[in-house]
Amino acid sequence: MNMPDRFDEEAEMKNQPTRTIRHATDEKPPTGARSGWTRSRIRPIAFWATTFVIVFELTAGSVWNLLPIEWVEAQLRHLGYPHYFADVLAVWQAAAAIAIIAPRLPLIKEWAYAGAFFLWSSAVVSHLTVGDPPRTWGVPLVFGMCAIASWALRPADRRPTGTGLRRSRPADAGQDGAAPSQTRLRDWAVPIGLLVVLYAVSFLTLPAAEAMTRGWAVELGWIDE
């Protein structure tokens, strides 16, 4: 081998690591990894957003039905439901809100989601049956869709076992899918605090809500002005 060839090989070997590092740096992460990361971030956000909407509606609805406001009474008369139906709804709405926002309790959550969907879908059917305009049944339809979305997006620790819907489960989990250690008190702090805030907001905004909904009832012809 002559001297120029040797020098060329040495130069080639010196430049090779640099080109390798540059090539590795220029490589972009796989598309699947980016999309998986995006889904992992969007899913919990969508879950908590839809869950907040339905829990707020359930708490506000329980306050409106328990008192009840004139909008509720006019709507019950218009749809042909008895007055005591508002009390029944208030109790079950409060129970569903607690069950959905509480940690764990996956089986009870299933019943709460089913009850919430039955509530809003029944409202849609009731208004359609009497020929009400879309503004009356469109709102419960949106809440029903949010309930479905929250149920479908719920994380693994909120899914009951034995349904094929739970993606992961700790090896030492108990029968309800929860860890053998009991749910700590701090796990309930945020749900309880959120419920307190939502009920406080519902009570404080009740006068404004009653005035606004009374205007709706007048426009719909359910009560006289």
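Biologist: What makes F52, V53, F56, V197 and V201 a nonpolar patch on the surface?

Modeller: These five residues form the patch, with about 360 Å² of accessible area together (Shrake-Rupley method, 1.4 Å probe, only the protein chains shown counting as cover for residues). A patch takes residues with over 30% relative accessible area and no salt bridge; like charges are joined within 9 Å, and nonpolar side chains (Val, Leu, Ile, Met, Phe, Trp, Tyr) within 5 Å. V197 has a relative accessible area of 47%, so V197 passes the 30% cut-off. The model is predicted: local features need pLDDT of at least 70 and side-chain atom pairs pLDDT 80 or more, while totals for chains, interfaces and linings use all residues. Residues are numbered from 1 along each chain as its sequence is written, and side-chain values use heavy atoms, with hydrogens and water left out.

Biologist: Which helices each supply at least two residues of the nonpolar patch?

Modeller: They are α2 (31-66) and α7 (185-204); helices are DSSP runs of H or I with at least four residues, strands are runs of E with at least two, and both are numbered from the N terminus. The largest share, three residues, comes from α2, whereas V197 is found in α7.

Biologist: How do you know whether V55 is buried or exposed?

Modeller: The relative accessibility of V55 is 1%. Buried means under 20% relative accessible area, exposed over 50%, and partly exposed in between (1.4 Å probe, protein chains only), and V55 therefore counts as buried. V55 lies in helix α2 and touches A97, I100, I101, L195 and L198, leaving aside residues up to four places away in sequence; a contact means heavy atoms within 4.5 Å.

Biologist: What is the composition of the protein chain in secondary structure?

Modeller: The chain has eight helices and zero strands. Buried residues make up 31% of its 225 residues. Among contacts with a separation of 6 or more, 70% join residues 24 or more positions apart. The accessible surface of the chain comes to about 14400 Å², with 66% belonging to carbon and sulfur atoms.

Biologist: How are α4 and α7 placed relative to each other?

Modeller: Two packed helices are described by the angle between their axes and the distance between the axes. For α4 (residues 85-101) and α7, the axes come within 10 Å and cross at roughly 145°; axes are lines fitted to C-alpha atoms, for helices over the stretch in contact, and angles run from 0 to 180 degrees between N-to-C directions. The contact is made by A94, A97, I98 and I101 of α4 and P191, L194, L195 and Y199 of α7.

Biologist: Why is the pair R214 and E70 called a salt bridge?

Modeller: The term requires a side-chain nitrogen of Lys or Arg within 4 Å of a carboxyl oxygen of Asp or Glu. The N to O distance between the side chains of R214 and E70 is 2.9 Å, so the pair qualifies. The pair links distant parts of the chain, with R214 in helix α8 (residues 206-220) and E70 in helix α3 (residues 70-79), 144 residues apart. R214 has a relative accessible area of 30% and is therefore partly exposed; E70, with 27%, is partly exposed as well.

Biologist: How many salt bridges does a search of the whole structure find?

Modeller: The search finds three. One of them joins R154 and E110, with the closest N and O atoms 3.0 Å apart. At 1% relative accessibility, R154 counts as buried.

Biologist: What makes E219 and R135 a tie between parts of the chain?

Modeller: Their side chains meet in a salt bridge of 3.2 Å, N to O. E219 lies in helix α8 and R135 in helix α6, so this pair ties together parts that are 84 residues apart in sequence. E219 is exposed, with a relative accessible area of 57%, whereas R135 is partly exposed, with 45%.

Biologist: What is the form of the peptide bond from L67 to P68?

Modeller: This bond is cis, with omega near -25°. P68 is found in the loop between α2 and α3.

Biologist: Which phi value does R104 have?

Modeller: R104 has a positive phi of about 60° although it is not a glycine. R104 sits in the loop between α4 and α5 and, at 24% relative accessibility, counts as partly exposed. L105 also has a positive phi, of about 50°, without being a glycine.
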